[in-house]
There are 2 protein chains.
Amino acid sequence: MSAEAAGSTGDATAPPPVVILVCPQLGENIGATARAMLNCGLDGLRLVRPRDGWPNPRAIPAASGAERVLDAAGLYGSTAAALADLHRVYATTARNRGLVKPIVTPREAAARLRADAAQGLRSGVLFGPERTGLETDDLNRADTLLSIPANPDYASFNLAQAVLLVAYEWFQADSRTPPCHLATGSSRVATKAEVEHLFEHFTEALDQAHFFPTPDQRGAMLRNLRSAIERMHMTEQEARTFHGIIAALTGRPKARKG
Amino acid sequence: MSAEAAGSTGDATAPPPVVILVCPQLGENIGATARAMLNCGLDGLRLVRPRDGWPNPRAIPAASGAERVLDAAGLYGSTAAALADLHRVYATTARNRGLVKPIVTPREAAARLRADAAQGLRSGVLFGPERTGLETDDLNRADTLLSIPANPDYASFNLAQAVLLVAYEWFQADSRTPPCHLATGSSRVATKAEVEHLFEHFTEALDQAHFFPTPDQRGAMLRNLRSAIERMHMTEQEARTFHGIIAALTGRPKARKG
């Protein structure tokens with residue numbers, strides 16, 4: 001029952017979600033979790049009764065530069081204690097174990113975590129031990145279950161890999177990165193006039209070399225060549241290079257500046 | 001120049017993209033890569049000059065059940081050889097190193113990989129060695145660069161983690177998993193009539209217990225209670241349980257079936 005939802009207005013602003021590892025077994029996975037979190041801009045890690053105690057030296061190499069996440073990690077004696085100050089909790093599981101709960105994908109969870117934070121609600125995501133996952137009682141403390149879509153024949157993710165996917169989706173949900181752009185190094189994208197100028201130079205050279213067998217074939221071949229050349233999305237620098245190449249191959253002076 | 005694009009129609013159908021690790025250093029990362037791939041339904045792994053030779057016993061524990069991906073992995077002496085039969089290649093990098101290339105996010109790459117396969121084009125994704133990433137010459141063999149958006153202050157992903165993100169996006173791009181649904185165990189979602197029937201039972205019990213101080217307050221309080229009860233999204237089983245609870249608390253016979 002989420003009666004608390006109506007009662008709490010949360011903080012004015014909320015920090016990014018915390019990651020809570022319940023009874024993690026391997027120090028390496030705790031370290032790899034810290035690295036994955038920091039890659040995605042998360043640094044709030046909480047550990048509930050890690051099997052091999054804490055701190056664990058095996059976590060350090062796997063953290064690979066994200067030791068500050070390990071150093072700041074909170075240590076808790078119970079899941080309830082690790083959740084106490086949070087308003088919203090998501091629990092990761094591959095099976096819902098008969099609980100009546102909403103189940104979301106990492107992508108939907110990310111959108112909700114962003115919305116929670118914008119409302120001033122503090123959120124956390126629970127991950128269970130490597131071998132068994134979260135126990136039913138811990139799952140039941142969550143508002144929402146989080147299940148990662150996976151190959152049904154091989155659905156068990158490594159702990160740090162599961163954390164990465166949740167953290168990655170959280171980061172992506174607010175990423176301003178354009179899905180695609182053209183890197184042009186120190187040059188810039190050529191204008192259509194610059195491409196046209198190159199194409200004219202090219203055509204002129206081919207005509208002078210008697211490249212085209214017949215006027216009919218000339219038209220068709222030029223159309224195909226133009227299509228290939230436009231598809232290159234060349235830079236201004238590349239257009240100049242190709243002018244130079246044509247001049248060199250024909251043994252004639254360099255083309256006038258485009 | 002992608003002149004090959006126009007010339008090749010590819011196969012009638014194409015397999016999922018292959019993952020190509022160029023000079024991977026750690027067997028553990030090769031194993032973890034296999035696990036991440038199989039989690040996301042990929043099983044085509046190619047290794048170019050792995051530092052510690054191949055097979056590598058350190059890969060097995062990290063593969064954690066995905067050994068079949070390791071067993072079927074192809075071993076190559078050069079990046080060119082590992083790419084030779086592919087039509088489209090994406091190369092992962094954190095830096096574009098001045099190359100003039102389209103750069104895409106993993107999500108956009110996934111959409112393109114799906115589109116490539118639908119056209120019958122065989123695709124692969126290149127990943128470089130742990131310490132240095134791909135060399136410029138290997139990046140330049142790709143059609144497209146793939147860059148994972150990350151925390152600008154800590155952007156270096158573990159090799160297997162980077163593979164996971166690409167494989168995960170590829171899997172998600174065709175996932176039929178609904179972003180959110182309510183798990184209801186062995187029950188089903190209650191109808192509005194069933195919730196109404198419970199609410200009436202509840203109201204009746206509260207009236208008989210003289211719970212409401214005044215008729216005005218009764219109206220407002222019932223409105224708030226209904227709001228909380230509707231928000232629970234209860235199952236038919238839960239509605240019956242609450243009927244039983246009301247009957248038990250009031251010491252009166254169980255409510256008639258809802």
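How many residues of chain B are in contact with chain A? Keep in mind that this is a predicted model. In it, 63 residues of chain B are in contact with 63 residues of chain A.

Now for the polar side of things. Between chain B and chain A there are 2 salt bridges. B:Arg107 forms a salt bridge with A:Glu169, with the closest N and O atoms 2.9 Å apart. Across the interface, 26 residue pairs are in polar contact. Several elements of chain B each supply at least two residues to the side that touches chain A, among them α2 (27-39), α6 (106-118) and α11 (236-250). α8(B) gives the most, with 8 residues. Sorted by type, the residues on that side of chain B come out as 34 nonpolar, 19 polar and 10 charged.

Strand β8 (residues 180-183) of chain A is joined to β5(B) by 4 bridges, and the two run antiparallel. To find the spot, look for A:His181, which stands opposite B:Ile103 in β5(B).

What about symmetry? Chain B can be laid on chain A with an RMSD of 0.0 Å by a turn of 180° and a shift of 0.0 Å along the axis. The two copies are therefore related as by a two-fold rotation axis. Both copies use the same surface, too: 100% of the contact residues of chain B recur in chain A.

Finally, the backbone. In chain A, a cis peptide bond with omega about 0° joins A:Trp54 and A:Pro55, and A:Pro55 lies in the loop between β2 (45-48) and α3 (59-63). In chain B, a cis peptide bond joins B:Trp54 and B:Pro55. A:Cys23, in the loop between β1 (18-22) and α2 (27-39), has a phi near 50°. A:His233 has a positive phi of about 55° and lies in the loop between α10 (215-231) and α11 (236-250).

Notes: Residues numbered from 1 in each chain as written. Chains lettered and ligands numbered in written order. Predicted model: local features only at pLDDT ≥ 70, side-chain atom pairs only at ≥ 80, totals over all residues. Heavy atoms only, no water. Contact = heavy atoms within 4.5 Å. Salt bridge = Lys/Arg side-chain N within 4 Å of Asp/Glu carboxyl O. Polar contact = N/O pair within 3.5 Å; in protein donor to acceptor, adjacent residues only side chain to side chain. Nonpolar A, V, L, I, M, F, W, Y, C, P; charged D, E, K, R; others polar. Pairing = 2+ DSSP bridges. Least-squares fit on C-alpha atoms with pLDDT ≥ 70 in both.
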